[in-house]
Amino acid sequence: MFKLIKTVFNTGSVTTKYPFAPMSVSEDFRGKPELDAAQCLSCGACTRACPANALIMETDEKAGTRRWELSTARCIFCGRCEEVCPTHAIKLTQNFELAVTNKADLYEHAVFSLADCSQCQRPFVAQKLLEYVLDTLAQSGVPAAQLSERRKQLQTCPACRRANNMLDSDNISHLRFIKEQQ
Amino acid sequence: MKGIKQLVGTAHTQTVPVVLPPNSQKLKDALLKEIRRSAYVYRVDCGGCNACEIEIFAATTPIFDTERFGIKIVASPRHADILLYTGSVTRAMRAPALRAYEAAPDPKIVISYGACGCDGGIFHDLYCVWGGTDKIVPVDVYIPGCPPTPAATIYGFAVALGLLDQKLKSKQHQPEAQKAQLKHTNIPLDIKV
Amino acid sequence: MNPLVLVCFCVISYAVAAVLSFAGRHHEQASLRLAGVISAFGGLFGIIAGVSTVVMGTHGHSIAHLGQFFSMDMLSALMVVVISVVTMAASVYSINYLEEYFGKGGWKVNILFNIFAAAMTALVVSANVMIFIVFMEIISVASWLIVISDGSAQSKKAGFQYFIIDHIASVLILCAFLIVVSNADSYQFSVIMANPVTGATASIVFLFALAGFGIKAAGIGLHGWLPKAYPIAPSYCSTLISCVMVKIGIYGILKFAILFLGATQLWWGFVVLVFGALSSVLGVMYALAEHDIKRLLAYHTIENIGIILIGVGVSMIGIASHQPLLALLGLLGGLYHLLNHAVFKGLLCLGSGSIVFRMHSKEMDDMGGLAKTMPKTAIAFLIGTLAICALPPLNGFVSEWFIYQSLFSMGKTGTVANLIFGPFGMVMLAFTGALACMCFVKVYGICFTGAPKTQQAANTREVGPAMVTATTALAILCIVLGVCSPWIAPYFSAIAASVLQLAPVTVAHGLSVYPAVADQAILSTPVIMIALALLTLVPTALLYLFRQRRLERRHQGDPWACGYQYEQRMTVSAASITRPMRQMFGFIYNNRPSQSLTERFILPVFYKGTDTAVLSGSKVCLFCIFSVLFVLLFIPFISGVSC
Amino acid sequence: MSPLEMPTASWIVLAVVQALLMLFLAPLATGFSRVIRAKMHSRQGPGVLQDYRDIAKLLRRQSVAPANAGMIFWMTPWVLVVTMLLIGMALPTVTQVSPFPISGDLITDIYLLAIFRFFFALAGIDSNSMFAGIGSSRELTLGILVEPILILAIVVVALVVGTTDLGYISHALANNSWHRPLTIILAGIVCAFALFIEMGKLPFDSAEAEQELQEGPVTEYSGSALAMVKLGLGLKQLVVVQLFLAIFIPWGKASSLTAGALISATIILLVKLFIVFLIAGLIENSMARVRFTKIHRTIFPAFLVAVLALIFLILGW
Amino acid sequence: MTNNTSEQFHSQPQAGRIGKNYVDGVNHFFPSAIIDEEWQTENQVTITVKMTSLVEVMKWLYYDQGGWLTVSFGNDERSLNGHFAVYHVLSMEGEVKSFVTVKILVDAQSQEFISITPTIPAAVWGEREVRDMYGLRPVGLPDERRLVLPDDWPEDLHPLRKDAMDYRQRPQPTTETETYQFDNQLGNDSNRIVPVGPLHITSDEPGHFRLFVDGEDIVDADYRMFYVHRGMEKLAETRMGYHEVAQLTDRVCGICGFTHSVGYSNTIENALSVDVPFRAKMIRTVLLEVERLHSHLLNIGLSSHFVGFDTGFMQFFRVREKTMELAELLTGARKTYGMNLIGGVRRDFLKEQRVKGIAMVREVRQKFSELVEVLLATPNINSRTQGIGILSKQVARDYSPVGPLIRASGFKRDVRIVHGQSLEAYGSVPIELQSMEDGDVYSRVMVRVREVFESLNVIEYGLDHLPAGAILTESFDYKPNKFALGFTEAPRGENIHWSMTGDNQKLFRWRCRAATYANWPTLRYMLRGNTVADAPLIIGSLDPCYSCTDRVTIVDTKKQRSKTVPYKAIEQYSIDRKHSPFKL
């Protein structure tokens with residue numbers, strides 16, 4: 001019994017001062033995922049990778065918007081979304097003080113407007129994603145002329161493009177090779 | 001069947017949480033003032049993976065010591081002021097959870113703990129789970145985390161007891177404000193893979 | 001008005017009640033109820049007679065006597081009071097109780113009940129050996145007939161066994177009387193008291209008397225018959241058996257040990273003390289193992305007889321070692337407990353009778369939740385349990401307090417024997433108190449509280465008004481005897497003084513009582529009662545201070561069973577409460593004689609293992625009665641004494 | 001010693017004030033043992049006044065009970081507090097002589113403790129829950145094992161002094177009659193052991209064993225009834241400790257009713273209580289609970305030591 | 001059949017085919033029993049056996065060749081070969097250490113298969129689960145009660161069938177209250193019931209124990225688990241891809257999550273024979289040991305809490321916080337490490353993390369040894385733990401429990417050593433097996449204490465000698481319908497996973513058996529004869545992980561030893577009637 005009292009005596013009180021002093025967590029602690037809205041292209045990679053369906057992407061054809069939603073309630077803080085995001089838009093912070101009194105505070109939304117297809121005027125991709133693709137093409141050295149043609153192709157929705165292919169229309173890309181070979 | 005709403009005949013159903021009497025919110029605020037320095041917590045485990053239970057135990061251990069705020073874990077819901085629901089309510093645990101809710105004296109505060117408790121977590125849409133505490137009992141405070149660290153637990157209790165105000169607010173992002181910046185634009189093209 | 005005349009009225013009214021119930025056997029409703037009322041009045045007469053002699057009681061041995069056969073001194077006055085109180089309560093109780101026996105020979109039982117009561121009253125006031133023995137014989141025959149009244153084979157066997165044991169006791173008592181009578185050369189008690197037997201024969205007489213009356217008083221080892229006979233007899237008669245008939249045994253021991261033999265030998269006192277201590281502890285130990293409520297109460301009678309004997313033992317030691325204070329205190333405690341035991345044991349017996357009246361089963365595990373269905377009986381029964389567990393301010397506590405004080409003052413005298421046996425007695429008394437506490441928490445907990453365990457228990461309802469008045473009256477008497485102890489104790493010291501022929505010692509002063517020596521201890525039950533009542537204001541005030549915003553009580557739903565659906569078998573049973581105790585004191589329970597002496601030797605002779613006797617039980621009993629009467633006629637010739 | 005008689009008005013006032021003081025000190029005592037427990041766990045632990053806050057909160061809470069809980073269940077909290085207050089009134093804590101001697105007799109106090117145990121166990125059975133039932137049967141069994149030892153130890157000391165009134169015993173032991181030192185010391189050790197069990201401290205707190213039996217008979221109580229039961233239990237601990245202090249460590253008490261003497265006596269009393277609760281806390285937190293079925297193996301030797309004390313008394317040492 | 005079947009059967013070992021001797025043995029003793037033989041990895045073989053000779057083959061492999069039945073499960077292979085299938089996986093621990101899986105095909109119409117429970121009682125839970133989840137009726141299974149599914153689940157709905165239901169469907173509950181009938185084999189209905197119910201303070205997870213008691217002594221015990229059944233296997237087949245299931249397996253159990261996720265990753269890696277880089281294997285080994293550290297400390301703390309020694313509970317948890325910090329330092333989260341992907345780990349140990357980690361390990365070792373001395377010196381700890389809840393060797397051999405429970409009863413079973421070569425980096429790590437003989441609560445706690453010191457050495461060695469190289473390989477492609485076993489040693493015993501890859505980038509079938517699954521049936525025998533006060537301590541000493549075993553049932557042994565038990569029961573009953581110790 002006295003050995004116990006001796007050990008207790010020289011350990012003293014080890015309680016942390018937490019609520020009255022900030023709590024130190026290790027530097028790569030997985031806290032709440034934070035969205036950098038500017039970088040997000042609404043590509044949906046994070047929603048596909050999230051095991052707990054905490055990240056949800058809904059496209060609303062009529063309103064022409066695509067809604068991204070993060071539910072901190074359902075999030076299991078695994079960090080998969082951070083790994084798969086192409087533009088590092090979503091990162092896990094070290095914030096663990098997430099208690100809330102009403103449930104609505106646990107949800108974050110972002111609404112992206114959709115670009116319409118040049119042929120059938122129906123929205124098919126987020127505006128930001130389209131511009132990002134075009135910027136990448138521009139940055140990766142595609143000459144300006146070809147760029148404008150690629151822009152036209154990119155702005156048609158997959159359904160119209162497929163239809164164009166079948167009807168042997170003019171923008172089929174393989175014609176370009178034939179021209180070069182002559 | 002009490003507390004069950006039929007969506008598609010008997011094939012698919014959904015639980016209806018317990019309805020609170022109208023003046024209960026006023027009683028709860030009054031209760032909060034009383035139990036600020038002495039809160040008795042009873043842990044109701046509705047079928048989680050028990051990581052949350054271990055973190056609640058860890059919160060009562062010397063390092064984090066919830067007892068210094070007067071928070072004590074009691075052995076029976078009869079003595080409880082705060083009911084701490086963990087786990088996404090499995091079908092088998094719905095009846096015991098409701099019995100615990102009835103056994104506790106009114107007014108009582110209900111806290112749902114961990115991702116499974118708040119919204120069903122990784123098991124939210126499974127066949128054998130009702131998906132979250134607020135599906136069976138009205139919840140006052142949510143503590144997300146899988147499992148929430150003991151520090152988050154203490155912060156949760158502080159918010160529940162009204163000692164601290166909550167930091168997290170729901171946010172409406174404006175993604176279209178700026179164009180997305182390309183990454184690593186300064187690397188010459190030919191060495192880029 | 002000579003008290004003995006009142007006693008005659010009392011005996012006569014019993015006789016009238018007996019005759020009435022015999023005459024009116026065809027239209028039992030009216031006759032039995034009228035008989036009950038008449039015997040109640042008989043009891044009242046008895047009480048008035050006893051109380052008046054005690055209150056008016058002048059000094060000297062026999063205050064009044066009627067011819068040379070009956071005389072009344074203070075001790076017999078107390079006995080009359082004891083008998084009449086319980087008889088009155090039992091007869092009021094019988095007004096409703098006998099409804100169950102209408103058409104099933106209720107009148108036979110009622111006749112026996114009245115004869116039984118009359119015989120006991122007469123025995124107590126008898127002043128002549130012959131009269132004493134005759135009435136003793138009537139008592140044992142009447143009680144034997146009561147035990148076999150319901151005619152079942154099992155009751156016949158128990159009755160037969162009871163009869164045999166009782167008659168062994170009668171033979172022992174006859175021998176004791178024979179020696180004493182032949183020595184004093186006369187049958188009159190007064191003459192016998194004048195010249196007590198001395199030397200070795202005194203010890204023999206004492207042992208005979210102790211053994212004989214010990215059987216009658218059901219001390220430990222000799223108690224075989226009580227747990228068998230008591231549960232079978234109808235409740236209101238068995239109340240008389242267990243509360244009053246055993247007191248006749250005590251009366252006998254007192255008469256012999258103190259009056260006839262003058263308690264000259266010191267070791268007699270120690271024998272009685274140890275015998276009392278053992279029967280109190282073992283009595284309550286065996287009671288713990290019982291599931292049948294009646295058998296449990298029977299064993300508790302043995303325990304309380306033990307406590308009375310401890311008091312008597314201390315007083316005998318006091319007499320023998322010439323310490324009048326010790327003698328008075330011991331006897332005072334013993335006699336006070338004698339009355340208290342009659343009252344609270346009568347209450348418990350009648351209470352359990354009401355339960356069995358409604359439940360028709362004695363098994364405790366079938367009962368439960370009776371407090372809700374039978375509230376008045378439950379409250380009375382609760383007061384009875386508090387009294388029997390000797391919890392302050394009730395009467396059980398006061399008399400046990402006096403016995404504690406007598407043991408303590410015995411220890412204080414300083415001799416080595418006293419210093420050993422004084423604390424030994426107190427430890428055994430404390431042990432008995434704690435065991436009784438557990439036993440009666442078990443009885444009250446299993447029978448009255450909690451939820452009904454069987455459907456039978458669920459649809460019980462309150463018993464008739466007469467039965468309720470009987471139990472409630474006894475409960476109030478318990479409280480009065482406890483709380484008004486400062487005004488009652490002096491009378492008991494007067495009785496003790498008159499029995500011991502010593503100057504009475506003051507034990508009460510104002511609102512408090514003290515054990516003769518002023519600075520030894522002080523107790524004031526009325527003030528404790530008032531203090532307890534007033535102190536309840538403190539918690540009430542506390543609750544009143546914090547009452548705002550508190551919602552009112554919500555008492556519904558099942559108890560908490562760890563979240564699982566509550567089932568009936570999730571409660572504690574009678575056996576499981578006492579099981580840890582029985583495990584710890586295994587050595588007492590394991591080597592307990594499963595069969596008493598009579599079962600092993602005598603019964604096989606007559607029963608040869610079957611239930612129906614070889615020669616019918618009644619023939620044997622008639623033979624015994626004639627043999628005793630024959631011996632009676634012979635005594636004058638053997639002892640050579642003129643009548 | 002002067003004969004005992006009804007106390008005068010000032011003594012009764014002192015007795016009542018003393019009892020109320022004990023009632024208000026009870027949460028401090030249990031709070032203090034909670035702080036010791038926390039320090040033994042090397043954690044910061046609640047403040048000493050935590051039990052006041054708990055009881056104040058519980059008093060305002062609704063009391064919920066199963067449907068079959070009857071009159072006994074509702075009445076027991078009252079009985080628990082009242083019986084302990086009555087003993088509190090009679091204890092000679094700050095004065096040499098018991099302020100309320102008519103209920104201060106040794107045997108009356110032991111039987112008041114018996115009332116506490118009777119109703120506490122009965123309430124456990126009345127609540128119809130299995131854990132409460134087992135807790136009650138343990139409470140009663142502990143009572144049976146402890147009471148003989150307690151009474152033998154205190155009777156030995158009473159025989160040394162010659163009276164069973166607590167006031168006179170503590171007065172005698174304070175002033176002169178240590179002429180049988182060995183007996184009194186031995187009786188003191190046994191009495192301390194018996195009262196440690198009676199206090200329900202950890203190694204023997206089987207009745208309220210939280211881990212095993214979910215708080216025993218207290219399981220079904222809630223809200224204001226629970227507060228009263230906790231107050232009763234805390235008050236019982238305080239009263240039982242003061243019973244020990246009154247007999248075996250009686251020095252430093254006011255001999256008369258003057259204000260100065262009373263205040264100094266109270267201070268000395270508080271210091272004594274502090275030390276006793278500290279020692280009890282240390283013992284309690286460094287031992288595991290004794291297996292209930294083996295409990296009588298540890299308690300029976302204590303009875304033999306008590307008998308030894310009696311033998312020393314007889315031999316006059 | 002020849003009688004000398006019990007000694008080890010030797011046949012010429014083949015390169016890369018460890019365990020071939022068992023297959024040859026089966027061919028030798030039971031000709032034409034094997035329909036098809038298939039090797040998954042070097043030491044894992046699956047033999048498809050005829051239904052008629054199943055029982056003999058299993059009996060031969062289990063009792064005669066020193067095999068231990070680890071898991072039995074079903075699979076709905078109607079889309080592959082038109083049949084249902086039932087697999088019994090045996091871990092052969094005789095001279096040759098390997099895994100043999102015996103598979104039988106169940107006809108889709110009759111949906112019946114022969115139950116092996118009468119001969120090998122440990123299989124009863126697997127078979128009862130197959131009946132619940134697939135609707136296949138085991139012929140000869142003694143216990144008809146429902147196992148996995150809650151009481152209010154409709155009778156005819158079997159969730160794991162491919163065509164049965166969508167994984168999100170929630171049918172209407174059929175009853176309000178629990179309808180599970182508990183059977184009290186030894187006692188009679190005079191015994192009272194002590195409900196150590198789903199919400200008992202000592203059990204940190206829901207599970208209902210029904211102790212049939214007489215006073216304080218436990219006559220018999222029965223328990224109902226599956227309060228935590230969430231249906232993870234259906235989820236893994238439907239919504240989740242391979243990597244998400246790795247995250248799901250992290251949350252099978254709150255204490256041994258990482259062991260499950262390593263076990264699952266091994267199944268896919270074995271099935272597709274992916275060679276995981278050695279650095280990733282060492283990281284996984286280190287984290288496995290970190291998890292064992294905090295789990296054992298948790299259990300030792302809880303054991304002293306159940307005994308009433310609260311100071312011990314608090315001190316051990318203080319030391320345990322240091323191990324949680326170590327985990328947070330290495331993986332970024334205290335409990336759910338989330339490190340595993342198919343083919344390796346997704347986060348590396350940097351130099352600075354390794355240095356801080358080693359310092360923490362040394363500090364924990366010093367503090368822990370100090371506290372162990374204090375615990376063993378505490379008065380009446382021995383009397384509370386020695387001789388309590390004894391697990392006899394015969395019961396242990398019958399129900400093949402695992403982990404500290406069986407090591408405390410003298411059997412040398414530890415996956416890290418027995419199958420160490422093929423499990424992560426345990427081959428090259430200094431570790432030895434701890435075991436004790438008398439099988440009571442005390443020896444279980446001591447086995448756990450010694451294993452903590454082992455783990456501390458392994459972590460220190462691992463952090464010191466972390467091999468260089470990549471931490472993740474993605475150079476493999478998913479081939480459909482490949483299946484294999486994955487096994488790891490969780491703090492409570494061996495976790496066995498089995499999964500079959502599907503053809504739509506999702507799993508076809510994933511089966512996980514946690515350690516406590518095998519330990520539960522022995523609880524009944526450990527509880528008998530003890531007192532109610534010891535029940536939480538015994539249940540705690542089994543170190544139950546309810547959620548691991550969200551498919552746990554009781555083993556009904558009466559039928560298994562039909563000829564002996566009734567006699568014993570009658571003898572016990574006769575004792576009861578005549579002079580039973582309870583009767584007094």
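The model is predicted: local features need pLDDT of at least 70, side-chain atom pairs count only at pLDDT 80 or more, and totals for chains, interfaces and linings use all residues. Residues are numbered from 1 along each chain as its sequence is written, while chains are lettered from A and ligands numbered from 1 in the order in which they are written.

**Chains C and D**

- Chain C puts 73 residues in contact with 79 residues of chain D (contact: C-beta atoms, placed from the backbone, within 7 Å).
- Elements of chain C that each supply at least two residues to this side include α16 (395-412), α17 (416-447) and β5 (554-555) (helices are DSSP runs of H or I with at least four residues, strands runs of E with at least two, numbered from the N terminus).
- The largest share, 15 residues, comes from α17(C).
- By class, the side of chain C that touches chain D has 48 nonpolar, 17 polar and 8 charged residues (nonpolar: Ala, Val, Leu, Ile, Met, Phe, Trp, Tyr, Cys and Pro; charged: Asp, Glu, Lys and Arg; polar: the others, Gly among them).

**A strand pair across the two chains**

- β5(C) pairs with β1 (residues 64-65) of chain D in the parallel sense, over 2 bridges (pairing needs at least two DSSP bridges).
- Arg554(C) has Val64(D) as its bridge partner in β1(D).

**Domains of chain E**

- Chain E divides into domain 1 (33-179) and domain 2 (232-521), with bounds from an automatic or database domain assignment.
- The domain centres, taken over C-alpha atoms, are 26 Å apart.
- Domain 1 brings 23 residues to the contact and domain 2 brings 27.
- On the side of domain 1 that touches domain 2, β3(E) gives the most, with 6 residues.

Technical notes:
Two residues are in contact if their C-beta atoms, placed from the backbone, lie within 7 Å.
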